[in-house]
Amino acid sequence: MKQDPQTLKPVILLNIDSLMPEPLEIAIQTGQAPALKFLMENGSYIPNMVSSFPTMSVTIDSTLLTGTYADEHHVPGLTWYDDSRMEIINYGTGFRETFRLGMRSTAYNMLYRLNNEHLSSEVSTIYEDLANKGIPSASINSFVYRGNTPHRLHVPRLLSTLTRFKDGEWTTNATSIFSLGLFSKLRPWGFTTQIAAGNYKFTARELRYLIRKDKLPGFTFCIFQDMDTRLHFKGPKDLKGITKIDREIKKTLNMYPSWEEALNRNVWMVMGDNGHSPTGSNYRKFIIDLRKILKKYRISRLESSVRKKDQLVLCVNQRMAYIYILDKNLPLSVIAERLMNDRRIDIIAWKDNNYINITSGMRQGILRFCPTGKYKDEYNQTWSIEGNIELLDLHIKNEKELSYGNYPDALARIYSALHSHSGRFIVVNAKPGCDFKAQSTPFHLSGAAHGSLHKQETLVPLLIAGTTARPTFPRVVDMKEFILRLCSEQRGE
């Protein structure tokens, strides 16, 4: 395998959807993940990387690739409401909900609009910044892929009737090397049973193809998506998904004369994107049906367009939800008070001029905050805060130093969600064990779910091998700057 003098030491980031610190450590300690053990023992391990909010993959990947939270990249969640078009945007939350909203619009949102319309043009991706430096990059299996290279992608016949793409193909700007299931494959003989994105074996084979053909670019981003679905049903302690993916990483490392040589030739990083919170088994206790709590109001239905007479729109992202108040005569505080009657809702947040208001169904009082002020947190951000800090489990010492408990980087992440798109809305967060539900929303009894601000879904692991460098702060939002720094260092810049 030759070394490209322009890239010198390529950076490879393997994103394992729903990889969590504790299961990873158990799999390594019990000998079920030898490849990941090698990377951990021969590199750096950060067990507490802070994800973005909501903890849903499209928002997290947008944060990782742009180095911004949702207030700047404008991808608020897996489902949200566009008030300028009076349209619910859904990237694929579940079959029943997707079917009611329309398969055509959901496929179009995920495959095209996410990158070409919704991801803000005011921010740049890692891929775009690297291309401007003359460094190529690769995206394998990621739905967030925006780059500088136009690609003409072919829609499989099976899906052509379900999409809005004319003549069976469409053009989008992506990375110079781009793989996304049946739409764009690197290997001419590559096969996947998944239409929109390949499974974990497909992802690994596409990566190995680049290595075998000496085509690794300066930066390669790969996503292994399969584990998320498994954990929704099996719960967060299941290790089988880690074991399967580790086998594929092992095969990849075996392509080199030795695993040590793999580290000499490349920088390897493995990380999770979100965790999972175990969910209870009793429907009445653990499923929070927002339609019942807000039954007094006219709630928009999925199968019909949002009507002028509708008062509310509900967009559920598993353990968090956006509640949109369309009726301008209906104060947000009135809806918040109704939500406070349910003790399973641990955070209720909404904008109030320049401030953010926080209340809870579990705790008394109110908390108000806004950016810039006398309190400085562990990420060098400053805030003005007044009220009951226990609502967000905040801790203050020496009168000015602010740290976080159960909700890591809570202030910045809540602020970002509430400023991620236009409209009048409230953000709600379910307490651990509980899941939100609206019309046709998938829920996860006796399994696991994510989406919320809680540390169970927020803290993810990061393994770094092949370099001693580390991100400035242990947060996904700081990964872009870290990767750009690595790629520049490899070229001697």
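In strand 10, Val 267 is the bridge partner of Val 11, strands being DSSP runs of E of at least two residues and helices DSSP runs of H or I of at least four residues, both numbered from the N terminus. The model is predicted, so that local features need pLDDT of at least 70 and side-chain atom pairs count only at pLDDT 80 or more, whereas totals for chains, interfaces and linings use all residues. Residues are numbered from 1 along each chain as its sequence is written, and side-chain values use heavy atoms, with hydrogens and water left out.

Strand 1 (residues 11–16) and strand 10 (residues 267–272) run parallel and are joined by six bridges, Leu 14 having Val 270 as its bridge partner in strand 10. Six bridges also join strand 1 to strand 9, again in parallel, and there Ile 16 stands opposite Phe 224. These strands belong to an open sheet of seven strands with mixed pairing, in the order 2-24-10-1-9-5-8, where two strands pair if DSSP finds at least two bridges between them. Strand 2 (43–50) and strand 8 (177–179) stand at the edges with a single partner strand each, so one side of each lacks a neighbour in the sheet. On average, neighbouring strands of this sheet are turned by 10 degrees against each other, direction ignored. Helix 9 (residues 200–212) packs on the sheet and touches strands 1, 5, 8, 9 and 10, its direction making about 160 degrees with that of strand 9; contact means heavy atoms within 4.5 Å, and axes are lines fitted to C-alpha atoms, for helices over the stretch in contact, with angles from 0 to 180 degrees between N-to-C directions.

Both faces of strand 1 are covered, with Val 11, Leu 13 and Asn 15 buried on one side and Ile 12, Leu 14 and Ile 16 buried on the other (buried, under 20% relative accessible area; exposed, over 50%; partly exposed, in between; 1.4 Å probe, protein chains only). The largest nonpolar core has 87 residues, and those with the most contacts inside it are Phe 219, Met 269, Ile 358, Leu 392 and Ile 414; such a core is a set of buried Ala, Val, Leu, Ile, Met, Phe, Trp, Tyr and Cys residues joined through side-chain atoms within 4.5 Å. A second, separate core of 42 residues includes Ala 27, Leu 36, Leu 216 and Cys 222.

Ser 121, by contrast, lies in the loop between helix 6 (103–118) and helix 7 (126–132) and counts as exposed because its relative accessibility is 66%.
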